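Subject: Structure handover

Hello,

Please find the structure below, with notes on what was found in it.

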Amino acid sequence: MKIVVLVKQVPDTETKIRLKGDATGIETGDVKWIISPYDEFAVEEGLKTRDAAPGSTVTVLSVGPDRCVEALRTAVAMGADHAVHVKGDTELDTYQTSKAIAEAVKKVGADLVLAGKQALDDDQAAVFGYTAEFLGMPSTSVVVKIDWSADKQSLRAHREIEGGAKEILEMPTPCLLAVNKGINTPRYASLPGIMKAKKKEIQTLTLADLGLGSEGPRVQLTEFQMPPERQAGKKLAGDASAQVTELVRLLRDEAKVL
Amino acid sequence: MGDVYIVADHNQSDIKRVTLEILGEVLKQGASAHVIVVGAKDMGPLADQLGKKGAQKVVALQGEGLDAYTSEGYANALHSYLSSKQPKAVVTGATAQGKDFLPRLAAKFSAGLATDCVSLDVSGDKVSARRPVYAGKTSQKVTFLQGPAFLSIRPNVLPAPADKGGSAQVETISANLGAVKAKLVEVQAGASKKIDLSEADIIISGGRSLKSAENFKVIFDCAEAIGAAAGASRAAVDAGYAPHSMQVGQTGRTVSPKLYIACGISGAIQHLAGMRTSKIIVAINKDPEAPIFSKADYGIVGDLFEVVPLLTEAFKKLR
């Protein structure tokens, strides 16, 4: 089975966000970059699936600027077999990014495409759906469990919906699944894995290689705004009982939320 | 310019509140709005609920197998109906369903999309929207350079419209479902009829200080007493005290209830990002230096195991 895992590099979740002067994005000068956490679950699921199906391979794929190679090396250190970097500048929108991914996946070939349910920078949660449609694959998102058929030609994906409920979808391969936290526990890169990843040759593709690059974006992103800072309010006085009585009074009469 | 098409979220008996919130906003901006209800078994009550909130044009999109949601089925059916309409915008709720089918539908139109928007502007030539990014640490304005614009809207942010007492004109369209490869084989209900985090007016969350899954009962009891949803911090989820579906924050859910009560949660940057747009925040924590107090409107320094049960009793008296 050929497994392709989509990986995006994003700022560490600890990052304190600062905006660029023209408010068209965030300052990235001192940002520490990581694999988007949901994509780590996708990498792990790819490795697990490969190990249960002899002869399978995992290719990790990332679209973005040159720094993305580091995210790919991290995934190789975890155990991925191949890595493909599609050079694209950071200004590609969701539509353009998905087009590039779909064309690259066609080039590599895939029976299963895995991704995180959303990237932890733009939180768009949309590349998986565009890409599946461009590839003509069935898909689903927020997947927390995958049950494979014995012949590995089809699977059942358990997906979380509202209120703790789950939908179970059955689909043939090739297909695309966007996974959620909870599906597995990502492994750490081993020391030999890290050594191997340093030397690993990363295949580089340009948009032109994929027959793309002439189409413009569908959206423009401007006027980034920081949310208003919340001010610390009042700490209530007295013993626990008095504090609770006062809290309920304030919530009802002052804040009017009860 | 074309009209605005709202794809309804419904559970066969009720239209979800987020759909009505979108409808109210689109009508307020003076746009010509159509509401599409996909796969309804009985349009009567659904059309009534929409009509009451001011919808005049309602489309019942029907087709074999459309009563069970699948992203391919919805996208194919909606594409076959909408492709001749030249919509200005296609809008739906940023729900499990909306976030699943909308990217696929947008791809069919080779169009752009903005997920989980907290405001939208469909009044002018160009559609635009504002949406939080980096889990709400900042937000961006998305302007669509060409149509149609695809938008999903975060529940609980736009005001619910008042009853207008109107009635909707329902047009029934039979849709072409095309090839659907992924089939829904089972729906497993949640453990109980709990209120979902994204739609809750009140959320009561517990952190690592709960110390065990059993102890989360104090959170559940308090939530039940006031009709709230129960949430959890990442630390509590990672420790196995609560399922990931309850996690609020950057690798969980982003919420904006009227009232958020954080119990035994210190207030890591990732957690604050996920709940900072709550109208009122209450913090209950033993540590007076916990960062959560700097964001809270009201703070109680104390042991949650003492304070929360007292709060539960006080809530019970209110009801």
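A149(B) touches K88(B), A89(B), V90(B), G112(B), V127(B) and F144(B), leaving aside residues up to four places away in sequence; contact here means heavy atoms within 4.5 Å. A149(B) is part of strand 9 (residues 149–153) of chain B. Helices (H or I, at least four residues) and strands (E, at least two) are DSSP runs, numbered from the N terminus. With 1% relative accessibility, A149(B) counts as buried, where buried means under 20% relative accessible area, exposed over 50%, and partly exposed in between (1.4 Å probe, protein chains only). From A149(B) to K183(B), 34 residues apart along the chain, the C-alpha separation is 28 Å.

A note on the basis of these values. This is a predicted model, in which local features need pLDDT of at least 70 and side-chain atom pairs count only at pLDDT 80 or more, while totals for chains, interfaces and linings use all residues. Residues are numbered from 1 along each chain as its sequence is written, chains are lettered from A and ligands numbered from 1 in the order in which they are written, and side-chain values use heavy atoms, with hydrogens and water left out.

Chain B, helices

Helix 4 (residues 98–108) of chain B is mostly covered, with 9 of its 11 residues buried. The buried residues are G98(B), D100(B), F101(B), L102(B), P103(B), R104(B), L105(B), A106(B) and A107(B). After helix 4 of chain B comes S110(B), which has a positive phi, near 50°.

Two packed helices are described by the angle between their axes and the distance between the axes. Axes are lines fitted to C-alpha atoms, for helices over the stretch in contact, and angles run from 0 to 180 degrees between N-to-C directions. Helix 5 (residues 217–226) of chain B and helix 8 (residues 304–318) of chain B pack at about 20°, and their axes are 8 Å apart. These two helices of chain B, helix 5 and helix 8, are therefore roughly parallel to each other; angles under 35 degrees count as roughly parallel, over 145 as roughly antiparallel, 65 to 115 as roughly perpendicular and the rest as oblique. On the helix 5 side of chain B the contact is made by V218(B), D221(B), C222(B), A225(B) and I226(B). Helix 8 of chain B contributes residues including L304(B), F305(B), V308(B) and L311(B). By class, the contact of helix 5 with helix 8 of chain B has 10 nonpolar, 1 polar and 2 charged residues. Ala, Val, Leu, Ile, Met, Phe, Trp, Tyr, Cys and Pro count as nonpolar, Asp, Glu, Lys and Arg as charged, and the others, Gly among them, as polar.

Cysteines

A search of the whole structure finds 0 disulfides over all chains, a disulfide being a pair of cysteine sulfur atoms within 2.5 Å. For C263(B), the closest cysteine sulfur is in C222(B), 6.4 Å away and too far for a bond. C263(B) counts as buried at 1% relative accessibility, and C175(A) counts as buried at 0%.

Chain A

Chain A has 6 helices and 13 strands. Its C-alpha trace spans about 65 × 50 × 40 Å along the principal axes. Of the 258 residues in chain A, 56% are buried. Helix 2 (residues 68–78) and helix 5 (residues 191–199) of chain A pack at about 135°, with axes 7 Å apart, and are therefore oblique to each other.

Regards
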